[in-house]
Amino acid sequence: MKSKTLSASMLAQLALLIAILFIMGFTPLGSIPLGGPIVATLAQIPVVIGAIRLGTKAGAFLGGMFGFVSMLWFTIYAPPTAFVFSPFFSSTLANGNIGLTILYAVGALVVCFVPRILIGVVSGVLYKRIVNKTQSVTKACLVAGVAGSLTNTLLVMLGILVFFAAPYAAANNAVIWYLLGTSILFNGIPEAIVTPLVTVAVVKPLSKLKKA
């Protein structure tokens, strides 16, 4: 009976976090303006929290859902750089070249899903190791939050550099290194600050409640 209750509880938490990912993906609640060009994305936070609360496998699954929501958003709204996160623009980007179409489609899937899945893996593994070593939920949440956020930012930027350097630079009318650098500075760093703080604020009270 206990295992069934736990399973039902995990499924309920997983469903709630998936719903939050969709809400964040399709409403302004998924980002925080921090002044000027600085906007912190929040969609990685449910993935980090899920990895901490439910385990690495659940975190990886939630990361995959994050990627799926991103792909849907970029496919539906089709901004100029939608080809980075959606394979449905690959043929147009490649001007009908079959080889390039396949390369761009694979690249879009890699950029959209792999970094997001690894948010859950990295944050879940680090949280477990640090909390077991230090017995400090706060320290473990802070490290997991920073690492999970940076995993997403840096791997997305790496994927863009590997698969889409030329078309991404052309779409933004700027040098690729400038684009990647400003993205890390104006988006990646604020996200790496906001994510651990929110993670601690959510996970610490829940961990105390669980002990009680």
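## A tour of helix α2 and its two partners

Start by selecting Gln44, Pro46, Val47, Gly50, Ala51 and Leu54 in α2; they meet Thr56, Ala58, Gly59, Leu62, Gly63 and Phe66 in α3. By class, this contact of α2 with α3 holds seven nonpolar residues, five polar ones and no charged ones. Keep in mind that you are looking at a predicted model.

**Next, the two helices as a pair.** Select residues 44–54 for α2 and residues 56–77 for α3. Their axes come within 7 Å. They cross at roughly 160 degrees. Angles over 145 degrees count as roughly antiparallel, so α2 is roughly antiparallel to α3. Turn the view to check the handedness: the crossing of α2 and α3 is right-handed.

**Now bring in α6.** The crossing of α2 and α6 is right-handed.

**Zoom in on the α2–α6 contact.** On the α2 side, pick Gln44, Val48 and Ile52. On the α6 side, pick Cys141, Ala144, Gly145, Gly148 and Ser149. Colour the selection by class: four residues are nonpolar, four are polar and none is charged.

**Last stop: Gln44.** Which helices does Gln44 of α2 meet across these contacts? Show Gln44 with both partners: Gln44 is among the α2 residues that meet α3, and Gln44 is also one of the α2 residues in the contact with α6.

Conventions. Residues numbered from 1 in each chain as written. Predicted model: local features only at pLDDT ≥ 70, side-chain atom pairs only at ≥ 80, totals over all residues. Heavy atoms only, no water. Axes fitted to C-alpha atoms, helices over the stretch in contact; angles between N-to-C directions. Helix = DSSP H or I, 4+ residues; strand = E, 2+ residues; numbered from the N terminus. Parallel < 35°, antiparallel > 145°, perpendicular 65-115°, else oblique. Left-handed = near helix turned anticlockwise from the far one by under 90°. Contact = heavy atoms within 4.5 Å. Nonpolar A, V, L, I, M, F, W, Y, C, P; charged D, E, K, R; others polar.
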